[in-house]
Amino acid sequence: MSQLAEQRYPNVAELVLSARELAAHRPELSTLRQVGASRAGRPLHLLSVGSSRRAVLVVAGAHANEPTGGSTLLRLAEWALRDEDLRADTSWHFLLCADPDGASLHRTPAPRTLFDYHRHFFRPAGPEQPEWSPSVLPPDRLPPETRTLTGVIDELRPYLQVSLHGTDLGGSWVQLTRDIPGLAEPFAKSAAELHIPVETGASDAAGWPVSGPGVHVLPGPGSAAAYPSLPEDARHTTWHHAHRYGGLTAIVEVPMWASDLVDDVAAHPSPVLALRGFSRRLRQDARLVEDILGEALPRLPLAHGPLLRAARWALDLVPGLADDWARLPPAGTSMAYINSVDAFGRRLPLRAAAMLLRVLDTAGDPAAPRLERLVLRWSDAFAERFRARWVPLEHQVEHQSRTTVAAARHARVQGD
């Protein structure tokens, strides 16, 4: 694929064009159709390969700032068209981009540094994220992207849904809504071959049972959340919608930049003190952004758009999360987990600052240069602290593709 050779992430229009070409090349095996529309009227497309009633659904673009999934989806579609065994008793279905409105606001075609990545950053507020909105909104207020996704699940009844996610800096891990025995081995093998660290203590899965290194299984009802302040609950997302048909969901995370600090299983010497330090730093960093926002807000237009909503959403998470880290016992005590929390604590105010910077830039606000220096300093410090190294795009895509196919094969055996 030319995009891979150029280390370039395709945009939604390019994904649709590539999918249309694939479907036209093998019309007896594949179809491309519109299955819904976004809040802004952008089409949501589903590419299908094969005709078996036993289905796998692959979702890309659920988070606008995680661009690898689009390239992976095309790679998987090509694989399914080429490999008769892969589609022998399974049809493959690919939702090209779950949030095309968000994708239109996040632009990272070919990042060189973390600052490049953040300079055009966008990640919607929780209620505007297609997969997460059911965890924070009542059913009658769900966005059309969410209703489209659940409608596709209702139609296909997949035995496996795979949601392609990613992280800016860290390692690879898998989250499962129900265990897939045997997945951990091919996942770890693929990561090792491609020199991608396995994130053994991912803070996103804090307190979850572990099926194998980097493979986490969502805890059942009644389990206490590791971070009680966070409004989202993974058990109420679209990930669980497949369960009503006997299916499950695998969330496959892959990094753009790798850090070998996230797979260290050794015990941290003082996890409680570390978390308290992260709590203080999180409050301080968020206050710097809040001060600039408070200064600039009277000068901004009254109609606040998705960038500002998302920045404020991120900042509003800070007080509760900082309290969780300072007050509660750690959900993990390994070096990997503490490093993952460190990364999360840097990421949250940096993202808020990056999105606010775009708002101030557009408005020509005099506070923009000061905020830009902050985003640059935090991006560089993040990369330096975690010894960031770029993961070639073809390796990101290959690892995510291999893990998806392994999940489908092992889940298929489990269902027999």
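Colleague: What should I know about the model before we start?

Modeller: It's a predicted model, so local features need pLDDT of at least 70 and side-chain atom pairs count only at pLDDT 80 or more, while totals for chains, interfaces and linings use all residues. Residues are numbered from 1 along each chain as its sequence is written, and side-chain values use heavy atoms, with hydrogens and water left out.

Colleague: OK, how many salt bridges does the structure hold?

Modeller: The structure holds 27 salt bridges. The term means a side-chain nitrogen of Lys or Arg within 4 Å of a carboxyl oxygen of Asp or Glu.

Colleague: Which residue does Arg 39 form a salt bridge with?

Modeller: Asp 99, with the closest N and O atoms 3.8 Å apart. Arg 39 sits in the loop between β1 (30–37) and β2 (43–49), and Asp 99 in the loop between β4 (91–95) and α4 (100–105), so the pair ties together parts that are 60 residues apart in sequence. Those element names are DSSP runs numbered from the N terminus: helices are H or I with at least four residues, strands are E with at least two.

Colleague: Is Asp 99 buried or exposed?

Modeller: Buried, at a relative accessible area of 0%. Arg 39 is partly exposed at 39%. The cut-offs are under 20% relative accessible area for buried, over 50% for exposed and partly exposed in between, with a 1.4 Å probe and protein chains only.

Colleague: And what is Arg 39 linked to in a network of salt bridges?

Modeller: The network joins Arg 39, Asp 99, Glu 128, Glu 145 and Arg 309.

Colleague: Which side chain does Arg 283 meet in a salt bridge?

Modeller: Asp 323, at 2.3 Å from N to O. Arg 283 is in helix α8 and Asp 323 in helix α9, 40 residues apart. Arg 283 is partly exposed at 30%, and Asp 323 is partly exposed at 37%.

Colleague: What about Arg 370?

Modeller: Arg 370 forms a salt bridge with Glu 295, and the closest N and O atoms are 2.5 Å apart. Arg 370 belongs to helix α11 and Glu 295 to helix α8, so this pair ties together parts that are 75 residues apart in sequence. Arg 370 is partly exposed at 37%, as is Glu 295 at 35%.

Colleague: Now a charge with no partner. What's going on with Arg 358?

Modeller: Arg 358 is buried yet has no salt bridge; the nearest side chain of opposite charge, Asp 361, is 7.5 Å away. For that count, Lys and Arg are positive and Asp and Glu negative, with His and the chain ends not counted. Arg 358 is in helix α10 (residues 335–363), and its side chain reaches the backbone oxygen of Phe 121 at 3.0 Å.

Colleague: Which residues is Arg 358 in contact with?

Modeller: Leaving aside neighbours within four places in sequence, the list includes Leu 105, His 106, Arg 119, Phe 122 and Leu 307. Contact here means heavy atoms within 4.5 Å.

Colleague: Switching to packing: which residues touch the most other members of the largest nonpolar core?

Modeller: Trp 325, Leu 356, Leu 360 and Leu 371, out of 59 residues in that core. The largest share of this core, 15 residues, comes from α10. A nonpolar core is a set of buried Ala, Val, Leu, Ile, Met, Phe, Trp, Tyr and Cys residues joined through side-chain atoms within 4.5 Å.

Colleague: What does Leu 356 touch?

Modeller: Not counting residues up to four places away in sequence, Leu 356 touches Val 289, Ile 292, Leu 293, Leu 308, Ala 311 and Leu 371. Apart from this core lies another, of 49 residues, among them Leu 47, Ala 60, Leu 194 and Val 215.

Colleague: And Ser 279, where does that lie?

Modeller: Ser 279 lies in helix α8 (residues 271–296) and counts as buried at 3% relative accessibility. Beyond four places in sequence, Ser 279 touches Ala 322, Trp 325 and Ala 326.

Colleague: Last one: what covers the buried residues of α6?

Modeller: The cover includes β1, β2, β3 (55–59), β4, α4 and β5 (160–170). Among the buried residues of α6 are Glu 145, Leu 149, Val 152 and Ile 153. Just after α6, Arg 157 takes a positive phi of about 50°.

Technical notes. A polar contact is a pair of N or O atoms within 3.5 Å; within protein, one must be able to donate a hydrogen and the other to accept it, and residues adjacent in sequence count only if both atoms are side-chain atoms.
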